[in-house]
Amino acid sequence: MIGCNRKKKIEKINRERKEAELEFLKGQLNPHFLFNSINTLYGSIQPSNELARNILLKLSDILRYQLYECGDNKVNIEREIEYMNNYIELQRLRSNQNLEVNVA
């Protein structure tokens, strides 16, 4: 019993620490400024450069999800899957096109 209570306390402390870190980062980074900057960058990319535009849209969606959606106790599973797919795609673009990812 004591081990179980201690484990729950540790989990609670870790969760509170993560929440505090997220709030700290949100305070350091003005989301409105960030998204305006991303929109400006997107507008300055030539329409023919679909890859760069797609990367920027995925990054924007990932940031929006991390800042506004994933902090809730419950998240929409479709949005979580979309977030993971965007993350995987960005990692694939960073490494090379031959990167294989299996999601089970």
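Residues are numbered from 1 along each chain as its sequence is written, and side-chain values use heavy atoms, with hydrogens and water left out. In this predicted model, local features need pLDDT of at least 70 and side-chain atom pairs count only at pLDDT 80 or more, while totals for chains, interfaces and linings use all residues.

**Helix α4**
- Met84 lies in helix α4, residues 77–95; helices are DSSP runs (H or I, at least four residues) numbered from the N terminus.
- Asn76 caps the N-terminal end of α4, with a side-chain oxygen 2.8 Å from the backbone nitrogen of Glu78.

- The buried residues of α4 are Arg79, Tyr83, Asn86, Ile88, Leu90 and Arg92; buried means under 20% relative accessible area, exposed over 50%, and partly exposed in between (1.4 Å probe, protein chains only).
- The cover over these buried residues includes α3 (50–69).
- Met84 is partly exposed, with a relative accessible area of 37%.

**Asp61**
- Asp61 is in helix α3 and is buried, at a relative accessible area of 16%.
- Leaving aside neighbours within four places in sequence, Asp61 is in contact (heavy atoms within 4.5 Å) with Arg79, Glu82 and Asn86.
- Asp61 and Ser95 are 34 residues apart in sequence and 20 Å apart in space, C-alpha to C-alpha.

Technical notes: Helices (H or I, at least four residues) and strands (E, at least two) are DSSP runs, numbered from the N terminus. A polar contact is a pair of N or O atoms within 3.5 Å; within protein, one must be able to donate a hydrogen and the other to accept it, and residues adjacent in sequence count only if both atoms are side-chain atoms.
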